[in-house]
Amino acid sequence: MDDFRRTYLRLCKEGGVEPQESIVAHLQESRMSAHGCRLDLSGQSLTAETCSMLAQAFQNDTVFTEVSLSECLLSEEAAKVLLTGLFGNTAVKVLDLKGNNLRSKGAEVLGKLLARNKTLRRLVLEWNALGVWDEAFSLFCEGLAANSVLTELDLRNNQINHKGASELALALKRNNTVKVLDLRWNNIGLLGGRSLLEALQKNKSLVKVETTGNNIPGDIQRALEQTTVHNSDRQSTLRDSHSKTQVLSKEIQKLKEEKGRQFISLMETIDRQREEMGHSNRSTSIQIGQLQEALNERKSAVNSLTAKLQMTEAALALSEQKNHNMGELLTRAKAEKEEQRERQSRERKKEQEDNVLREGKLLRENQNLAETNIQLRNKVEELERRCKSQQQQIFEVKQELTNSTAELKLRLAQAEDRLEIEKRRSKQALDDMDSLRQKEVEHVNRHLEETERTLQERIFKLEGQRIQLEEELSKAKAACVTERAQAEEELGRVRAQVRQEEQEHVSSLEEKLRSVRSSLQEVQLHSSQQKQTISELQAKNSQQSIEMDGLRRRIEELQQDLSGKDQERVAEVSRVRVELQEQIGHLQAERTAQGGLKEKISALEREIKVLSSNHREALLDKESEMSSMLEKLRLKDAEIQRMREDEANRASYLQSAILNYVQGSPLGHFSSPKK
């Protein structure tokens with residue numbers, strides 16, 4: 001505010017204009033309100049020079065949001081300069097120009113202001129003369145048609161005739177932002193009222209139109225009020241549907257995010273299990289390879305020992321043969337070769353000592369082999385312990401899998417409950433739309449009955465003057481026919497609009513239902529992979545069945561309440577049918593349209609059934625894939641068991657070979673020489 005005052009004083013000083021003290025005082029007294037800062041210059045006499053300075057100050061002003069210039073007695077030039085300064089203003093949202101007697105130039109500049117300004121929300125033009133000049137007012141209406149931000153327009157007491165009302169109606173057909181229009185105390189008349197009514201049939205944003213004191217017939221004025229009421233109801237319905245759509249979209253997004261997190265966690269656990277199984281398989285294969293290498297080494301050692309044993313056996317056989325030959329020589333020539341016998345006996349003793357040494361070596365080697373056998377047995381026991389630990393880990397993984405399956409089933413039940421709630425909400429919304437449509441039809445029918453009664457009253461009044469006023473009667477009949485045609489057209493447009501809105505609402509609900517079903521199918525797809533653990537949850541199902549019985553009883557009670565409400569509704573419908581028997585002919589077209597809608601709904605239901613069957617087939621395919629994966633897992637377990645059995649057989653074979661070797665030839669062969 002201080003900046004605006006300083007700017008005004010600086011501009012006055014630069015332009016050589018004496019600033020008005022009253023304006024400076026008002027600038028000092030201006031205060032911030034709840035909606036912004038307000039500049040009130042009401043009742044001030046503003047000259048053209050002062051308006052020029054104010055216009056230059058308004059061009060760069062960002063402080064004042066409300067400007068009141070009512071009853072300032074602005075001249076044509078002053079109004080033009082001041083309004084031109086507001087073309088580029090981005091702060092003023094409310095402008096009050098009441099009682100300034102604006103005329104042709106003012107109307108033209110106001111049209112340019114509305115076409116260029118992008119922030120003005122409310123414009124008060126009460127007690128001016130904008131409607132006196134048709135061309136200037138048409139320019140004002142063109143600016144209003146191009147405006148996209150104005151919501152309230154006050155045109156009271158502006159001498160607007162039926163031509164100006166026609167221009168204003170053309171502007172309202174193109175404008176979709178004005179919500180409140182005040183046209184009280186003008187001279188619109190019958191033709192202007194019809195033009196406004198025709199404009200309101202295309203304009204859906206106006207929710208309030210004031211037309212008191214315009215010589216408009218009562219039926220047209222009531223039609224205008226009904227149209228604005230319908231627009232307000234439509235906007236409230238649109239706001240409600242938009243809020244519901246936002247709530248549903250948020251719920252669906254939450255469901256999607258939750259199912260995505262569940263799927264990611266499930267995939268992570270599966271990956272961890274796969275990694276653990278691969279790691280265990282790799283460690284098992286490494287241990288098997290190490291055992292195979294140890295077995296090969298032991299086989300080579302046993303082969304070398306058997307070779308040494310064969311060599312010693314051959315040496316022993318040779319020595320026995322030599323002993324036998326020497327015995328024969330001794331028996332033949334004892335007397336002749338006693339010295340040789342002694343020498344041979346010494347040699348035999350030496351050989352026996354050598355054999356004793358060799359036997360000691362073989363016994364030590366046998367002890368070493370026994371120690372290695374014990375070590376191998378210890379390794380085999382350690383492998384068996386590791387196998388048991390791996391089996392325990394596999395059992396724990398299966399237990400975790402069952403727990404995750406139970407959790408997923410619980411979440412699936414919650415998702416089904418949410419889906420049922422959404423179905424009930426959508427059904428309630430459809431019922432509300434149907435009741436709203438019936439109310440609108442009843443409202444339009446009442447309007448038709450009122451128009452017919454007014455027309456009959458006019459005909460009764462004109463029957464007394466039929467001889468003198470036959471030409472006026474024919475004109476009145478033609479006007480009645482046109483009004484009835486317009487009313488019927490209005491009824492048809494209202495019905496088409498209601499049908500279109502109902503179809504859009506139904507399609508949006510179906511889209512939401514499809515998205516919810518897709519999320520439900522994703523949950524079912526994840527939960528179907530864990531269906532083999534259902535047998536473990538049968539005990540829990542028995543408890544849940546008791547709760548389900550309680551819920552069923554609750555549902556039956558609710559159904560009884562609904563049946564009572566349905567009976568009340570049927571009684572009300574029967575009463576309404578008795579009242580509306582005279583209008584059955586007008587509703588035949590609507591019934592045919594409803595039949596078409598029912599056919600479309602049945603077609604959509606068939607499509608939903610086809611989609612559900614396709615999803616069931618996909619679920620069956622996934623179950624078959626799951627069974628095949630489980631079969632592969634079983635084959636892997638059998639293969640691991642077979643490998644363990646092979647390892648046990650090899651260990652038993654190695655043990656039996658070592659035992660045979662320990663109990664076999666070395667001690668048996670060396671026992672005969674000792675004897």
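How many salt bridges does a search of the whole structure find? The search finds 16. A salt bridge here is a side-chain nitrogen of Lys or Arg within 4 Å of a carboxyl oxygen of Asp or Glu.

Good morning. The model is predicted, so local features need pLDDT of at least 70 and side-chain atom pairs count only at pLDDT 80 or more, while totals for chains, interfaces and linings use all residues. Residues are numbered from 1 along each chain as its sequence is written, and side-chain values use heavy atoms, with hydrogens and water left out.

Let me begin with the chain as a whole. It has 14 helices and eight strands. Helices (H or I, at least four residues) and strands (E, at least two) are DSSP runs, numbered from the N terminus. Of the 675 residues, 32% count as buried. Buried means under 20% relative accessible area, exposed means over 50%, and partly exposed lies in between, with a 1.4 Å probe and protein chains only.

The chain exposes about 42600 Å², and carbon and sulfur atoms supply 52% of that area. Accessible areas come from the Shrake-Rupley method with a 1.4 Å probe; for residues, only the protein chains shown count as cover. As for contacts (heavy atoms within 4.5 Å), consider those in the chain between residues at least 6 apart in sequence: 86% of them join residues at least 24 apart.

In general, side chains of opposite charge can pair when their charged atoms come close.

Is D182 buried or exposed? D182 counts as buried, because its relative accessibility is 9%. D182 also meets R184 in a salt bridge, at 2.8 Å from N to O. R184, in turn, is partly exposed, with a relative accessible area of 25%.

A further salt bridge joins E210 and K208, with the closest N and O atoms 3.9 Å apart. Both partners are partly exposed: E210 has a relative accessible area of 24%, and K208 has one of 42%. Salt bridges that share partners also build one network, which joins K98, E126, D154, R156, D182 and R184.

Next, the surface patches. Patches are made of residues with over 30% relative accessible area and no salt bridge; like charges are joined within 9 Å, and nonpolar side chains (Val, Leu, Ile, Met, Phe, Trp, Tyr) within 5 Å. Lys and Arg count as positive and Asp and Glu as negative, while His and the chain ends are not counted. The place of a charge is taken as NZ of Lys, CZ of Arg, CG of Asp or CD of Glu.

Which residues gather in a patch of positive charge on the surface? They are K80, K105, K112 and R116. Helix 5 (residues 104-116) gives the most to this patch, with three residues. K105 lies in helix 5 and is partly exposed, with a relative accessible area of 42%.

A patch of negative charge is formed on the surface by E268, D271, E275, E276, E396 and E400. Helix 9 and helix 10 are the elements that give two or more residues to the negative patch. The largest share, four residues, comes from helix 9. D271 is placed in helix 9, and its relative accessible area of 34% makes it partly exposed.

There is also a nonpolar surface patch of about 250 Å², made by F263, I264 and M267. F263 is in helix 9 (residues 218-332) and is partly exposed, at 35% relative accessible area.

Finally, I turn to two pairs of positions. A370 lies in helix 10 (residues 338-463) and counts as partly exposed, at 32% relative accessibility. G88 is in the loop between helix 4 (76-85) and strand 4 (94-96), and at 56% relative accessibility G88 counts as exposed. G88 and N60 are 28 residues apart along the chain, and their C-alpha atoms are separated by 8.2 Å.
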